Amino acid sequence: MFDPESDSESEEEKSLSHTFWMKIKEGAQHVIEDVSANGIEKLPQSLIKNVLHALNHRSLVSGGVDNVHALLTIIRLINVLKDRLEVRNPAKLLVGAIAITRIQNREMNAKRDLYHKQRDKPAKTELSPKLLKRLVVFMNYSAGAYGTNWLLNQSDIIKSKREKQKIRDYEDAFIHMTGVRRSEIVKWTDTGVLYKPGYAVVTSRLHKKVIVAIRGTDSLQDALVDVVCEQQDYSFVCEQFGENSGKVHSGFLRSAHYINHEVKPLVKELLLDNPKFDLIITGHSLGAGVATILSLIWAGEKELNERNLHAYAFASPCSLCETLANSRLTRHYVTAVVNNDDVVCRLGISTLKDAQKAMVALAQHPSLSIEKQIEIYNEVEREGKDLKLFPGGQVWIFESEPHGLVPTQIDPCELDEIFLTRTFISNHLPHAYVHLLERAQDQAKND
């Protein structure tokens, strides 16, 4: 019987596959380099050794190099969270992860087939051009909050060396992304301290808005640790929707209180000086989680609430319990955007445990047909929704289809399963969201 917790290695696992290395020579090297650039070099040597042994597994090799990036990322997830999981042997878990990728690929293909059959039917909810335009604008503010290092070294937004030379400081980077004037950037900080995220406060005369843009985390490693955090009870109170109570992400709540303390007096002053301006909070990734919770706190402040307060949350992590995520309060104040299979929008200790249970169950039956593996996968007992957190508000997911992007409004609680795809990390990056929404806007113009 396959033992998922065993540290013993078979003869097959002791030698790296010639076929795998041939695939590396055929063009897969960039996959390994990409993962290395994102931090795999920080892993313990023993863990890397186990990964390399696991890569010899025939089903991974036959599955193609697309699986390698996703599966190595899962190894990092498991390593980061290993003290909170029951099974910690990544080399063994990979066998089950490979089976999950096959099952999920089949599910996604079936979903596409169904979509094509229903393509001529009108959508339940259309993404309006006005909302799409807002999403493009405020995603640029969210990206601008990352500052110089992200724009010059981590994104593909600027390709010209001459253009890069013009970006000398944080304000240059923010102006490049948003088009605001330097005088409109009222306050900013580029810190990345835990629970004290960077932010920018801006008065946009073009858009007639006071905007608080909250920065996400530069380090993916930090992001993976931060999103899997303890929950705590909290109550949001506002005049229109009364008291709304439930579980929230404690780290984002703490960060939201920090931003509230730092900028609320300034924001109130700016709104008094600009009586026709609305109030917007926006952020990407961890910044989106903080923006979500901060908007619900500010909903209880009359001077802020009456200025068409709204939050735009891009790549939002799991921040609120099922009740709060779907509440009238949150749907009124928050619009969230999910790019396809973005892992962070689905990642929590419960969803990771679900994935681990499925890996362990499937790893014991590596030779079964995919139909039998699907049966095993569907029988795995999942964590209850009452134990999970979700992105909140009106959630729009943009899915790529052969003919173009399909934006669909979904129940936040549908984001309760991690998809092991080759793009589930890259689709989370800020520039991926910038390009996604630009593509959606271009597509809308051509339709």
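Me: Is Cys345 buried or exposed?

Reply: Buried means under 20% relative accessible area, exposed over 50%, and partly exposed in between, with a 1.4 Å probe and protein chains only. In this predicted model, Cys345 is buried, with a relative accessible area of 0%, and Cys318 is buried too, at 4%.

Me: How many disulfides does the structure hold?

Reply: A disulfide is a covalent bond between the sulfur atoms of two cysteines; here the criterion is a pair of cysteine sulfur atoms within 2.5 Å. The structure holds zero disulfides. Cys318 is in no disulfide, its nearest cysteine sulfur being that of Cys345, 7.5 Å away. Seen from Cys345, the closest cysteine sulfur is in Cys318, and the 7.5 Å between them is too far for a bond.

Me: Which conventions should I keep in mind before going further?

Reply: Residues are numbered from 1 along each chain as its sequence is written, and side-chain values use heavy atoms, with hydrogens and water left out. Because this is a predicted model, local features need pLDDT of at least 70 and side-chain atom pairs count only at pLDDT 80 or more, whereas totals for chains, interfaces and linings use all residues.

Me: Where does pLDDT stay under 50?

Reply: pLDDT is the predictor's confidence in each residue, from 0 to 100. Where pLDDT is low, the predicted coordinates should not be read in detail. The mean over the protein chain is 80, and 72% of its residues reach 70 or more. pLDDT stays under 50 over residues 1–45, for which the model has 67 contacts beyond four places in sequence, a contact being heavy atoms within 4.5 Å. It also stays under 50 over residues 47–70, with 58 such contacts.

Me: How many helices and strands are there in the protein chain?

Reply: Helices (H or I, at least four residues) and strands (E, at least two) are DSSP runs, numbered from the N terminus. The protein chain has 18 helices and 12 strands, and of its 447 residues, 55% count as buried.

Me: How should I read a strand, taking β9 as the case, and which strands pair with it?

Reply: Two strands pair if DSSP finds at least two bridges between them. Strand β9 (residues 334–339) pairs in the parallel sense with β7 (residues 310–314) over four bridges, and with β11 (residues 394–401), again in the parallel sense, over five bridges. Ala313 stands opposite Ala336 in β9, while Thr335 has Gln394 in β11 as its bridge partner. Both faces of β9 are covered, with Val334, Ala336 and Val338 buried on one side and Thr335, Val337 and Asn339 buried on the other.

Me: Which residues of helix α7 are buried, and what do they pack against?

Reply: An α-helix has 3.6 residues a turn, so residues three or four places apart point the same way. In helix α7 (residues 147–154), the buried residues are Gly147, Thr148, Trp150, Leu151 and Leu152. The buried residues of α7 pack against α6 (129–144), α8 (161–165), α9 (170–178) and α18 (430–446).

Me: Which residues is Leu266 in contact with, leaving aside its neighbours within four places in sequence?

Reply: Leu266 lies in helix α11 (residues 250–273) and is buried, with a relative accessible area of 19%. Beyond those neighbours, Leu266 is in contact with Val186, Lys187 and Val201. Leu266 and Val186 are 80 residues apart along the chain, and their C-alpha atoms are separated by 9.1 Å.
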